[in-house]
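Subject: Structure handover

Hello,

Here is the structure for you to take over. My notes on what turned up in it follow below.

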Amino acid sequence: VKSCYVPFISMLFLTMLLLFLALFPGAFNCCMKISDEIPKGILRRVERFEIQKANGLCHLEAVILYIEGRKFCVSPRIRKVKKWMKKNKHNIPRKKTHHRKQRRTKIIKKKEKKQ
């Protein structure tokens with residue numbers, strides 16, 4: 001009788017795990033360790049950065065630096081990093097909101113061609 005519950009419990013666990021991953025996609029993308037030092041020329045090679053808050057799923061405050069597709073987690077308290085972030089605020093990726101303007105331009109061009 002107990003052996004018939006094993007597939008059900010396994011399936012329930014798998015379903016719960018997939019649901020958790022769908023609801024909290026960043027849960028396993030947190031920095032678990034941060035560096036308190038940063039090599040000399042590394043900030044010049046940073047392509048973009050993100051700020052990780054110590055709330056919710058992530059337990060550490062960190063600055064995530066992306067260099068050549070790799071992720072480096074450093075302390076936001078490093079003086080060099082603070083200064084660099086202030087200078088490069090515009091490098092935080094934002095959603096592109098200029099799609100409508102492009103579409104309108106295309107529509108206008110099509111109308112001009114018809115006339």
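The link of Cys31 and Cys73 is left-handed, with -70° about the S-S bond; please keep in mind that this is a predicted model. The sulfur atoms of this disulfide, Cys31 to Cys73, are 2.0 Å apart. Its two ends come from distant parts of the chain: Cys31 sits in the loop between α1 and β1, while Cys73 belongs to strand β3, 42 residues apart. Cys31 and Cys73 are both buried, meaning under 20% relative accessible area.

The structure holds 2 disulfides. The other link joins Cys30 to Cys58, with an S to S distance of 1.9 Å. The link of Cys30 and Cys58 is left-handed, with -70° about the S-S bond. Cys30 lies in the loop between α1 (5-23) and β1, and Cys58 in the loop between β1 and β2, so this pair ties together parts that are 28 residues apart in sequence. Both Cys30 and Cys58 are buried. Counting bonded cysteines along the chain, the disulfides follow the pattern 1-3, 2-4.

Next, helix α2. It spans residues 79-87, and its buried residues are Val81, Trp84 and Met85. Viewed down the axis of α2, these buried residues fall within an arc of 100°, so they line one face of the helix. What does that face pack against?

Last, the surface. Tyr5, Phe8, Ile9, Leu12, Met16 and Leu19 form a nonpolar patch there, and together they have about 650 Å² of accessible area. One of them, Ile9, lies in helix α1. Is Ile9 buried or exposed? Ile9 counts as exposed because its relative accessibility is 52%, and the cut-off for exposed is over 50%.

In short, the notes cover the disulfides Cys30 to Cys58 and Cys31 to Cys73, the buried face of α2 and the nonpolar patch that includes Ile9.

Regards

Methods. Residues numbered from 1 in each chain as written. Predicted model: local features only at pLDDT ≥ 70, side-chain atom pairs only at ≥ 80, totals over all residues. Heavy atoms only, no water. Buried < 20%, exposed > 50% of the residue type's maximum accessible area, 1.4 Å probe, protein only. Helix = DSSP H or I, 4+ residues; strand = E, 2+ residues; numbered from the N terminus. Arc of directions from axis to C-beta. Disulfide = S-S within 2.5 Å. Patch = residues over 30% accessible without salt bridge, like charges linked within 9 Å, V, L, I, M, F, W, Y side chains within 5 Å. Areas by Shrake-Rupley, 256 points an atom, 1.4 Å probe, with all protein chains shown as cover. Salt bridge = Lys/Arg side-chain N within 4 Å of Asp/Glu carboxyl O.
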